[in-house]
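Here is a short report on one protein model. Look at the structure first, then read on.

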Amino acid sequence: MEAVASRPRLASIYHHLLVTMEMPISYVARSPAHKRSLATHAPTLLSPWQGESSLRSCAYHLVVSSSGYIMTITEDNNNEPDTSRCACCGTAEGDDIKLKKCTACYLVRYCGVKCQREHRPQHKRACKKRAAELRDELLFKQPESSHWGDCPICLLPLPLDPDFFTMRSCCSKIICDGCSVAFTKRQMQQMLDEKCPFCRKPVPTEEENIRYRMKRIEANDPIAMCQEGTRSYAKGDYNGAFEYFSKAAKLGDAEAHGRLALMYHDGHGVEKDEKKEIYHYEEAAIGGHPSARFNLALIDRKRYGMDRDRATKHHIIAAGQGHDGSLTWLLENHRRGGFVKKEVLGAALRAHQAAVDATKSPQREEAKKYLSQIN
């Protein structure tokens, strides 16, 4: 259906726009004058021509006929591209055509790889910008807990300091000292053989430890892989450590990402690579690793100079997980001219204290006293 001749032609209003038989267009009303002109000349909405382009604008969406008449003018306030059609050729999704989203930005969809490649030069800038925004949204989200998680027995958050918990090689579970000591005391009182407080297997010898750990590694246990990587690193076997850390990182282990970042920073077993170092620190921080986030904040401080917003956000999140170093950074920057506002510092102090208190219990305090007496 074509508009009647009395309706204004697109060429008479926007003479610089080219209308072709093959591909009608959508136009972005960028200036207030354009918007007023659109509002004045907007016709009654008609059924769009089937060959229309589906590209959205940031203000108005125009559909024109092959002869150049305005067919539809609709206001578009969501600032989002139309994902019901291919961003390159305009093909609509149907039973026989399935559109796939750009996996970097999720803004547009394509009917095939060919269209995606052809549209890449036009889409590249917006894609990179949106991908960076999505990455920051994920990066600066407050984790629900630290990367250590909770003790599987008492279900309380594990302390950030590894000195206050133990990883059991028999079951690859991380048990807090409170539960370990309480279980050991009960076994001693009842004169029972020492066993794992979680899986109840007898305490293994060193050879059995290695066998259990390798068995867990074969089952793709990232905690066992990370522990074996740590042992290899301590022995100076950097290649072996890198292999175990890489496998654990692929399975989503935040501690392994943090270890890889350190290896790329120090150049142990790999060439120094700042980009990979930052990537692994970011993955570790997303996984709830406060120490990795602290290091990432220091890197961002150097990268962005006087712009301390990113570094401050990192330290606020890490402090909220109970990281002492990040809280100290916030305190110091509050005292040095008040860069960190009083309200922000107060909220960080309360969050830090809440995170620390969540890891405490009478049983853990008793275990701490007990272990200090026997050591």
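Start with H123. Beyond its neighbours within four places in sequence, H123 is in contact (heavy atoms within 4.5 Å) with C102, C105, V108 and Y110. H123 sits in helix α3, residues 113-139. Helices here are DSSP runs of H or I with at least four residues, strands are runs of E with at least two, and both are numbered from the N terminus. H123 is buried, with a relative accessible area of 5%. Buried means under 20% relative accessible area, exposed means over 50%, and partly exposed lies in between, with a 1.4 Å probe and protein chains only.

This is a predicted model: local features need pLDDT of at least 70, side-chain atom pairs count only at pLDDT 80 or more, and totals for chains, interfaces and linings use all residues. Residues are numbered from 1 along each chain as its sequence is written, and side-chain values use heavy atoms, with hydrogens and water left out.

**The chain as a whole**

The protein chain has 14 helices and 6 strands. It has 375 residues, and 39% of them count as buried. The protein chain exposes about 21900 Å², and carbon and sulfur atoms supply 52% of that area. Accessible areas come from the Shrake-Rupley method with a 1.4 Å probe; for residues, only the protein chains shown count as cover. Take the contacts between residues at least 6 apart in sequence: 52% of them join residues at least 24 apart.

**A buried loop residue**

A87 lies in the loop between β2 (70-75) and β3 (100-101). A87 is buried, at 7% relative accessible area. In sequence, A87 and C115 are 28 residues apart; in space, their C-alpha atoms are 8.0 Å apart.

**Helix pairs**

Axes are lines fitted to C-alpha atoms, for helices over the stretch in contact, and angles run from 0 to 180 degrees between N-to-C directions.

| Pair | Axes | Angle |
|---|---|---|
| α6 (222-234) and α8 (254-266) | within 10 Å | roughly 30° |
| α12 (324-335) and α13 (342-358) | within 10 Å | roughly 160° |
| α3 and α9 (274-286) | 9 Å apart | about 50° |

Angles under 35 degrees count as roughly parallel, over 145 as roughly antiparallel, 65 to 115 as roughly perpendicular and the rest as oblique.

How do α6 and α8 lie, roughly parallel or roughly antiparallel? They are roughly parallel to each other. From α6 come C226, T230 and Y233; from α8 come E255, A256, R259, M263 and D266. That contact has 4 nonpolar, 1 polar and 3 charged residues.

By their angle, α12 and α13 are roughly antiparallel. D324, L327, L330, L331 and H334 of α12 meet K342, L345, A348, L349 and H352 of α13. By class, 6 are nonpolar, 2 polar and 2 charged.

α3 and α9 are oblique to each other. R135, L138 and L139 in α3 meet Y279, E282, E283, A285 and I286 in α9. Their classes are 5 nonpolar, no polar and 3 charged.

Conventions: Ala, Val, Leu, Ile, Met, Phe, Trp, Tyr, Cys and Pro count as nonpolar, Asp, Glu, Lys and Arg as charged, and the others, Gly among them, as polar.
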